[in-house]
Amino acid sequence: MQDSFGNLLVERQPDGVWIVTLNRPGKRNALNEETVEAMVALFSGAMRDGARAIVLAAAGDHFCAGLDLVEHHRADRSPAEFWQLCLRWHEAFNKMEYGGVPVIAALKGAVVGGGLELASAAHIRVADQSTYFALPEGQRGLFTGGGATIRVAGLVGKARMVDMMLTGRVYQGQEAVDLGLAQYLVEGSSYDRALELARKAAQNLPLTNFAICSAISHMQNMSPFDAAYAEACIAGVVNTQPEARARLEAFANKTAARVRPNE
Ligand code: 1HE
């Protein structure tokens with residue numbers, strides 16, 4: 001079943017995997033106000049609406065060119081208006097990161113500016129040979145407003161983010177993976193690998209994925225002392241869920257798969 005949420009296409013597969021496609025290829029999937037509002041709506045309801053994992057894909061050759069610079073130029077926004085706009089971006093990306101449903105981004109081409117802010121809110125990022133990452137805001141006379149100072153700095157570190165913004169430095173390939181901008185680099189299609197990973201994650205119990213895809217992020221915002229307490233509390237709920245009993249039973253009966261090294 002395929003729906004359209006403004007500039008997002010949503011395909012809901014029977015196993016609970018949703019394919020959400022940024023669908024503004026003519027504008028390199030630049031994020032205009034309408035697209036950000038569609039993300040807020042979609043990611044706010046995804047868990048309630050039964051999504052078990054989401055592939056965040058993109059139409060065309062580029063994942064996302066960031067803020068819609070033409071809309072921004074034409075709107076001639078006031079400081080207060082842009083401040084408000086940034087809060088909507090944060091709302092959308094927080095719903096993704098803290099919403100409890102695994103989001104796997106299938107990256108290709110440009111993942112730049114606000115596009116990198118979007119990608120960095122996903123739980124898993126898969127790059128292909130065409131993918132490149134940059135923060136061109138510095139060269140455009142702008143500053144990041146969609147969470148890069150938290151999420152991109154969190155991935156690559158403060159010094160690298162400052163360099164990316166001051167000099168327009170581009171990262172790609174294995175170097176981007178080594179820095180943490182993506183966790184996977186594929187020879188073929190990032191979409192195919194992202195779908196495979198989403199199907200795998202969708203086999204976990206929803207409550208377990210909820211904890212993985214919200215609690216770990218929340219804990220980064222806490223003191224280690226409080227995070228440990230919250231971890232115990234969440235484990236109390238997750239590790240005693242009735243739905244886990246069959247999986248534990250299978251392990252006890254020696255019918256469950258064992259963890260083995262890669263071949
Ligand atoms: C756009 C945008 C955009 C393309 N806003 N319209 N982001 C940037 O600085 C990236 C700006 N974009 C680019 O550098 C390039 O467009 C790409 C490398 C992504 C793609 O290049 P290319 O040669 O395939 O496409 P193009 O010819 O540059 O653009 C094709 C169309 O997409 C064209 O529109 P058209 O109607 O003339 O055909 C472009 O105007 C349009 N387009 N990118 C609007 N970004 C909360 S703060 C976040 C701060 C930021 O994100 S700053 C933005 C950083």
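Axes are lines fitted to C-alpha atoms, for helices over the stretch in contact, and angles run from 0 to 180 degrees between N-to-C directions. Helices (H or I, at least four residues) and strands (E, at least two) are DSSP runs, numbered from the N terminus.

A reminder to myself: this is a predicted model, where local features need pLDDT of at least 70, side-chain atom pairs count only at pLDDT 80 or more, and totals for chains, interfaces and linings use all residues. Residues are numbered from 1 along each chain as its sequence is written, and side-chain values use heavy atoms, with hydrogens and water left out.

**Helix pair.** I found α10 (residues 206-220) and α11 (residues 224-238) packed at about 175 degrees, axes 11 Å apart. The two are therefore roughly antiparallel.

**Cores.** A nonpolar core is a set of buried Ala, Val, Leu, Ile, Met, Phe, Trp, Tyr and Cys residues joined through side-chain atoms within 4.5 Å; buried means under 20% relative accessible area, exposed over 50%, partly exposed in between (1.4 Å probe, protein chains only). The largest has 51 residues, with Met39, Ile54 and Phe63 making the most contacts inside it. Helix α1 (residues 33-45) gives the most to this core, six residues. Apart from it I saw another core, of 14 residues, including Val126 and Leu195.

**Whole chain.** I counted twelve helices and ten strands, and 45% of the 263 residues are buried.

Terms used: Angles under 35 degrees count as roughly parallel, over 145 as roughly antiparallel, 65 to 115 as roughly perpendicular and the rest as oblique.
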